[in-house]
Amino acid sequence: YAWLSATICGEAVDWAGAAALAAHGRWTEIPAGFLNLFTLWQAALLRLGFQTATAAVLSSWLPALALLLPVTWLARRLFNPAAGWLAGLFCIFHPRLMEYSTNGFEVSLFLLAFASAIAFLTAMTLRPGLLAAAGCGGAFAVCCSLQPETLLAAVLGSLAVLCWPAVRGPGQGAGAPPRAGAVLAKAVLACWLVLGAALGLYAGLCQVAARQPVLRLAGFGLTAAHSPRLDPRAAARELYGQGAAAPPDTARPESTPAGMAEMARGITRNLFYNLERLPGILLTPAPLFALLLLLLLGRRALFAPANLPLLLMLLFPLATYMLFGIEPRRLIPVLVPLQVFGAAGLLALSDYLRRDSRLPGLLPALVAVVLGISVALSVWRGTDLERQQQLHRDLAGWLARNVDRTTAITGCGYGFISTTGFLSGHPVVPRIWTGDPSQLQRFTDERGLRWLILYESFLRKANPELLPVLDGELPGFERVFEARDHAGFRAQVYRRVE
């Protein structure tokens, strides 16, 4: 898949830039929000001698490869060895997991940490010990360094462990040692000691080096005036407009009645937005097989006490990011438990059908169908991403041949100009949002910029006032190059002239 499409674009470019600054010791220049453990991990790969693009791909690919260890262990421990093999195969070939294993985002590292924390949490419930507790605390510390809100998942997981003696079924809990609760409490205490020590050390070192806090909760923006995903034009005007600011009545404090009403509307909006995009995250039939596990074997198979940590990984993203965010990739952690439960459900289905029909080779046929669907979707998605990236490759090739690498380029935001600059090796500056083409001339002159790129895709969704420029003239600039993407949308390069 990396050979087919290893596209570094959008926010991944910002992570790569932050990692490059960290690798060169320029800590204080790292933008706020882009200093976390993933930045340090990618910076370490750069220090080992890898090129920027290679380090970006490896930073997501290596954790994705290691993700197979906790996934297969969970499936084997909770169900059987065959489920471990199937869960591993489902994860390897899942289109979304495959995509995020090569695109330079922090998702793979977070998935590895979260799945490892759940595996150690499961081990703590089945056989309490300091090693499992320390591993759980360390894994949750990595999770919190990437997404601090997962500290809530650590709290819920600890409560599940403490309640373990009370929720064990008769077959598991009968004859449990009377001191089981005390042993589990010591394990939870050890877990939190490791978690607190690791997070404290990490936050302290980053504070000293970069002089900025790193454990900040993500702003869900429930009372924000506009969202780039829901209203890209208004959001671009606020983000890139000169002197732009939200009107006083569009960003209400959340503590006021009006702010709370706005939050309620934001939660409803987020819920419907994420529900529309959830099928694009799930993609494969694994969730259907997970439901079959419930139907064929009963609720004890899915909601067994031993499955509580894995159910936490499934429900936590749905109960938080589904309601409080509009970034679909935050829902990707649900894929890990769904692959495990789906593998167990597929085994249960094959046993049921083989019992009634006595068809030989039924399980391999079902697995082949699932993997065939996954591979087909992965090829389609990789090809589509590569087609989208081709426009930036064409622009980057022209810039590399005609513009000195030390010269800064300006252009449309939302990741358009940053992706082109990443591929060409030029420093970039997002241009001002404006409805007046003459302001672009003033903007470039004030910053000493001579090169400007306008992207038709951006203009159509976020700045339609400048669309006539593509067919006409831009005052103070000369059009020197034009490229088109697979949909026919243009990107034009302009040079500043007197």
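A crossing of two helices is left-handed if the near helix is turned anticlockwise from the far one by less than a right angle, and right-handed if clockwise.

**Ground rules**

I am looking at a predicted model, in which local features need pLDDT of at least 70 and side-chain atom pairs count only at pLDDT 80 or more, while totals for chains, interfaces and linings use all residues. Residues are numbered from 1 along each chain as its sequence is written, and side-chain values use heavy atoms, with hydrogens and water left out.

**Entry: helices 19 and 20**

I started with helix 19 (residues 362–402) and helix 20 (residues 416–424), whose axes lie 8 Å apart at an angle of about 55 degrees. Helices here are DSSP runs of H or I with at least four residues, strands are runs of E with at least two, and both are numbered from the N terminus. The axes are lines fitted to C-alpha atoms, for helices over the stretch in contact, and angles run from 0 to 180 degrees between N-to-C directions. The angle makes helix 19 oblique to helix 20. I noted the scale: under 35 degrees counts as roughly parallel, over 145 as roughly antiparallel, 65 to 115 as roughly perpendicular and the rest as oblique. Helix 19 and helix 20 cross in a right-handed way.

I then looked at Tyr-414, in the loop between strand 1 (409–411) and helix 20. Tyr-414 is not a glycine, yet its phi is positive, at about 60 degrees. Most residues other than glycine have a negative phi, so I marked this for a second look. Tyr-414 is partly exposed at 22% relative accessibility. My scale for cover is: buried under 20% relative accessible area, exposed over 50%, and partly exposed in between, with a 1.4 Å probe and protein chains only.

I found Leu-283 in the loop between helix 14 (257–282) and helix 15 (286–297), and it is partly exposed with a relative accessible area of 34%.

**Entry: helices 4 and 7**

How do helix 4 and helix 7 cross, left-handed or right-handed? I found a left-handed crossing of helix 4 past helix 7. The axes of helix 4 (residues 68–78) and helix 7 (residues 107–126) come within 9 Å and cross at roughly 30 degrees. That makes helix 4 roughly parallel to helix 7.

Helix 7 also holds Phe-110, which is buried with a relative accessible area of 2%. From Phe-110 I looked across to Cys-143: the two are 33 residues apart along the chain, but their C-alpha atoms are separated by 5.8 Å.

Cys-144 sits in helix 8 (residues 130–146) and is buried at 2% relative accessibility. Its C-alpha atom is 9.7 Å from that of Asn-36, which is 108 residues away along the chain.

Leu-151, Leu-152, Val-155, Leu-156, Leu-159 and Leu-162 make a nonpolar surface patch of about 470 Å². Patches take residues with over 30% relative accessible area and no salt bridge, joining like charges within 9 Å and nonpolar side chains (Val, Leu, Ile, Met, Phe, Trp, Tyr) within 5 Å. The areas come from the Shrake-Rupley method with a 1.4 Å probe, and for residues only the protein chains shown count as cover. I checked Leu-162, which lies in helix 9 (residues 151–162) and is partly exposed at 42% relative accessible area.

Ala-160 is also in helix 9, and is partly exposed with a relative accessible area of 24%.

**Entry: salt bridges**

How many salt bridges does a search of the whole structure find? I get 18 salt bridges, each a side-chain nitrogen of Lys or Arg within 4 Å of a carboxyl oxygen of Asp or Glu.

One of them joins Glu-456 and Arg-490, with the closest N and O atoms 3.1 Å apart. This pair links distant parts of the chain, Glu-456 in helix 22 (residues 456–462) and Arg-490 in strand 5 (residues 490–496), 34 residues apart. Both Glu-456 and Arg-490 are buried.

Arg-329 pairs with Glu-327 at 3.5 Å between the closest N and O atoms. Arg-329 is buried at 11% relative accessible area, whereas Glu-327 is partly exposed at 24%.

Last, I noted a network of salt bridges linking Arg-96, Glu-99, Arg-381, Asp-384 and Arg-387.
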